[in-house]
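Thanks, everyone. I have one structure to go through today, and I will keep it short.

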Amino acid sequence: AGISRGPVEQSPSLCVLADSREICSGPRVISCLRAEHGLRVQVCPLGTSDYIVSNRLAVDRLLQSELQSPGNRNKLSQRLQRLQGSFERICVIVETDRVRPGETSRFFQRTQYYDGVLSALVQAGIRILFSSCQEETAALLKDLALLEHRKDAAIQVPTEPEGHRRDILSFYLSIPNLSYGAALNLCHSFGSVAAVANSSVPALAAGARLSRAQAEELHRFLRHDFDLQLLPQPLPAKGKS
């Protein structure tokens, strides 16, 4: 599967969130996104995915060898299930393993197990793209971000909360199945955690850019699974006891 590329056009200001582990495992991806494609890349501890390219789409970058190994099956399955709980759409970029120093080339032989894993991903509704190198992976991520921008799903809030909002972001990230992007949206759409806790399902969906089902899950958690008295209380105004 691939992404059709039309005529070259001026890309809008696009933002992608990258997991901090990608600094070591995919440095060329991040540098190409910034230098060659002009994207704003915010590196942060995503945990659940390698990249978030919009409010609804997460991307995992996997090497062919990772999909080839049966020992990774349970870990991969659990990771993708967590992603499906937090995002409407998931994409996996299968990247060719890099040739190690001293190797002239690396021959990849497809196996029945490898094809079975790809088939299972497709049946689970996960989009699969193929890449020959980190530079091509960066180009695919840029294309995905541009498509999501056209569908009004792009990340449009500041990605580095300041002051007390950093603590509020940490609280939102502790909520089950709430993505990093949704947590950022909550930080900037609501004045306080209490305002989020007292909001209706439609207000949560609009403010956090969530689907109706995701907003209902968040609403249930805040109303039934969480003690509202534990919410951070606003500081008293100066001059008052």
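Start at Leu63, which sits in strand 4, residues 57-63. This is a predicted model, so treat what follows as computed. Burial would need a value under 20%.

Now its contacts. Leaving out residues up to four places away in sequence, Leu63 touches Glu95, Thr96 and Asp97. With Glu95, the sequence separation is 32 residues, while the C-alpha atoms are 4.7 Å apart.

The largest nonpolar core contains 47 residues, and Leu17, Tyr172 and Leu178 have the most contacts inside it. Helix 8, residues 180-189, supplies the largest share of this core, 6 residues. Where does this core lie relative to domain 1 and domain 2? Domain 1, which is 15-100 + 107-151, and domain 2, 164-223, both give residues to it, so the core lies between them.

There is also a second, separate core, made of 22 residues; Ile30, Leu33, Leu140 and Leu141 are among them.

Back to Tyr172. Again not counting residues up to four places away in sequence, Tyr172 touches Leu178, Ala183, Leu186, Cys187, Ser192, Val193 and Val196.

Tyr172 also brings us to the aromatics. How many aromatic pairs does the structure hold? The count is 1. The partners are Phe171 and Tyr172, with 5.8 Å from centre to centre and 55° between the planes, a tilted arrangement. Phe171 and Tyr172 are both buried.

That is what I have. Comments are welcome.

Technical notes:
Residues are numbered from 1 along each chain as its sequence is written. This is a predicted model: local features need pLDDT of at least 70, side-chain atom pairs count only at pLDDT 80 or more; totals for chains, interfaces and linings use all residues. Side-chain values use heavy atoms; hydrogens and water are left out. A nonpolar core is a set of buried Ala, Val, Leu, Ile, Met, Phe, Trp, Tyr and Cys residues joined through side-chain atoms within 4.5 Å. Buried means under 20% relative accessible area, exposed over 50%, partly exposed in between (1.4 Å probe, protein chains only). Helices (H or I, at least four residues) and strands (E, at least two) are DSSP runs, numbered from the N terminus. Domain bounds come from an automatic or database domain assignment. Contact means heavy atoms within 4.5 Å. Rings of Phe, Tyr and Trp (its six-membered ring) pair if their centres lie within 6.5 Å; planes under 30 degrees apart count as stacked, over 60 as edge-to-face and the rest as tilted.
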